[in-house]
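Trainee: Could you walk me through reading a few features of this model? I would like the general idea and then the case at hand.

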Amino acid sequence: MQSSSSRSNIPVSRSNEVSCSSSNSSNSSSATFANSREKKKYIEEYNFPFCDEASKYERITKIGQGTFGEVFKAKDKRNPKKYVAMKKILMDNEKEGFPITALREIRILQLLKHENVVNLIEICRTKANASNKYRSTFFLIFDFCEHDLAGLLSNTNVKFSLGEIKKVMQQLLNGLYHIHFNKILHRDMKAANVLITKNGILKLADFGLARAFNEIKNGIPNRYTNRVVTLWYRPPELLLGDRNYGPPVDLWGAGCIMAEMWTRSPIMQGNTEQQQLTLISQLCGSITPEMWPGVENLELYNSMDLPKGQKRKVKERLKPYVKDVTACDLLDKLLILDPSKRITADAALDHNFFWVDPLPSDLSKMLAQHSQSMFEYLAPQRRPGQRPHHHQVFFNQSITKSFIDTGYQDRIF
Ligand SMILES: Nc1ncnc2c1ncn2[C@@H]1O[C@H](COP(=O)(O)OP(=O)(O)O)[C@@H](O)[C@H]1O
Ligand SMILES: [Mg+2]
C-alpha cells in the first residue's frame with residue numbers, strides 16, 4: 001500500500017471533549033458540569049470507545065526503559081497463552097492532552113502492517129481517578145517478541161551462523177524496503193530496536209522518531225530535524241547538519257547493525273558528534289567533496305574538524321571479523337559516505353550476499369537452544385554501575401583490550 005501520509009495528516013485534536021488532565025479544563029471541555037465533583041465523576045466513568053482498560057493485561061516484568069517510557073511483558077488475562085509488550089506513553093510534560101509524538105508513532109504503526117514490522121494490537125488506558133489525579137496512562141500494546149538484537153548480540157552463548165546472519169539482514173532490509181516504500185523514515189535504527197521472535201521472525205520496532213518523508217517538490221528542500229538517530233548509528237549527512245535527508249539514513253544504520261552481527265558490539269562508539277565523525281572518517285575515509293560532491297554545502301561542513309588524508313578501510317578492518325567476501329562487499333556499499341551513492345534496501349536485497357551459498361537460513365532452531373528472553377535492558381551491565389543507554393559509551397574505541405564481565409563478554413572492534 002502506498003501512503004500519502006504526511007505530518008499534516010496526523011489527526012491531533014487539541015480540544016479533547018473529555019480531558020484526561022485536570023490541568024486543561026479552561027479551554028477544552030465541551031461537556032458542562034455543575035461542579036468539579038460532577039466533572040471528576042464524569043471522567044472516572046467515561047468509557048473510551050475503542051480503547052480498552054490496561055487491566056485486561058497482567059504485567060509480568062519490565063523489559064525496556066527507553067527515552068520515552070517503560071516497556072513491560074504482559075499476559076492477556078482472557079487468553080493466558082497470549083503475551084504482549086506494553087509500552088507506556090509518557091504524559092508527564094503534556095499540557096495539551098495526548099502527546100503528538102505518540103500519535104505520530106501510532107499513525108505510522110497503523111500504516112506499516114508487515115511481517116517485518118512490529119505489530120501494534122491496540123491502545124489501552126488506565127482509568128482516571130483521584131489517585132492518578134484524573135490523568136489516564138496510555139499504553140501501546142504490541143505482539144510480544146522474545147528477543148531484541150542488542151540482547152542477543154551481548155550474549156556470547158548466542159552464535160549466529162553465516163546463513164542465520166543472512167536471514168537477519170534479509171528480514172531487516174525487507175522491513176526497511178517496506179517502510180521506505182510507504183514513504184516513512186525510521187530514524188532510529190540500532191540493534192535494540194530490532195526485535196526477533198522465538199520463531200526467528202525479525203520485526204523493526206520503535207517508531208518513536210519515525211516520520212513521513214516527501215521527495216523534493218519544486219526544488220524546495222525539506223527541512224527535517226537532524227537531531228535524530230542514536231549517535232553510534234548516525235550517518236555522516238546528519239552529523240554534518242543535513243536537513244534534506246531521506247531513506248539512506250536508515251541504510252547507514254543497517255550497515256552498522258550488519259557489522260555488529262560479527263563484531264558483537266557497535267562498531268563506532270563516539271562520545272560526541274565530532275568524535276563520531278572522526279571515527280567514521282577513520283573507517284570510511286576522509287569526507288571530501290571529491291568523494292561526496294555537495295558535502296561542502298552542508299551546514300556544519302566548515303565547523304566540524306574533518307580528518308584529512310584518511311584512506312577508506314571498511315573491508316580491510318571488517319575482514320578479520322566478517323571473513324565472507326560478499327558480506328564485506330555489501331557492508332562496503334551500506335557504509336558509503338555519500339548518501340546518494342549508498343545502496344538502497346531494494347538493491348541490497350538483490351546483492352549476491354543473499355543469493356550465494358550458504359543461503360539465508362531459518363533462525364528458529366538456533367533460538368530454541370535459548371529459552372530465556374534476551375533484551376538489551378536485561379543484559380548484564382557492561383561495566384559496573386552502567387546500563388546500556390542511548391549515547392553511552394561502554395569502552396573507549398582506542399582501548400584494544402577486551403574485558404570479561406560476569407556472564408557476557410564485550411568484543412572490541
Ligand atoms: N513488542 C515487543 N516485544 C518485546 N520487547 C519489546 C517490544 N517492544 C519493545 N520491546 C523492548 O523494549 C525496548 C524499548 O522499546 P522501544 O519501542 O524501543 O522504546 P524506546 O523509545 O523507549 O526505546 C526495546 O529495545 C525492546 O527491548
Ligand atoms: Mg528503542
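Mentor: Gladly. Let us begin with a definition: helices are DSSP runs of H or I with at least four residues, numbered from the N terminus. Keep in mind that this is a predicted model. Just after H5, Lys183 takes a positive phi of about 60 degrees.

Trainee: What should helix H5 span at 1.5 Å a residue?

Mentor: The expected span is 1.5 Å times one less than the number of residues. For the 20 residues of H5 (residues 162–181) that gives 28 Å, and the end C-alpha atoms are 28 Å apart, so the two agree. H5 is also mostly covered, with 15 of its 20 residues buried.

Trainee: Which strands does H5 lie across?

Mentor: H5 lies across S8 and S9, at about 35 degrees to S9.

Trainee: And how do I read the strand order of the sheet?

Mentor: Strands of a sheet pair through backbone hydrogen bonds, either parallel or antiparallel. Here an open sheet of 3 strands has the order S6-S8-S9, with antiparallel pairing. S6 (147–148) and S9 are the edge strands, each pairing on one side only. Between S8 and S9 there are 3 bridges, and Val194 stands opposite Leu204 in S9.

Trainee: Which residues coordinate the magnesium ion (ligand 2)?

Mentor: Asn193 (OD1) and Asp206 (OD) do, at 2.1 to 2.2 Å. Asn193 lies in the loop between S7 and S8, and Asp206 in the loop between S9 and S10, so the pair ties together parts that are 13 residues apart in sequence.

Trainee: Is Asn193 buried or exposed?

Mentor: Buried means under 20% relative accessible area; at 8%, Asn193 therefore counts as buried.

Technical notes
Residues are numbered from 1 along each chain as its sequence is written. Chains are lettered from A and ligands numbered from 1 in the order in which they are written. This is a predicted model: local features need pLDDT of at least 70, side-chain atom pairs count only at pLDDT 80 or more; totals for chains, interfaces and linings use all residues. Side-chain values use heavy atoms; hydrogens and water are left out. Donors are N, O and S atoms within 2.8 Å of the metal (3.2 Å for Na, K and Ca); water is not among the atoms, so sites may look incomplete. Helices (H or I, at least four residues) and strands (E, at least two) are DSSP runs, numbered from the N terminus. Buried means under 20% relative accessible area, exposed over 50%, partly exposed in between (1.4 Å probe, protein chains only). Two strands pair if DSSP finds at least two bridges between them. Contact means heavy atoms within 4.5 Å. Axes are lines fitted to C-alpha atoms, for helices over the stretch in contact, and angles run from 0 to 180 degrees between N-to-C directions.
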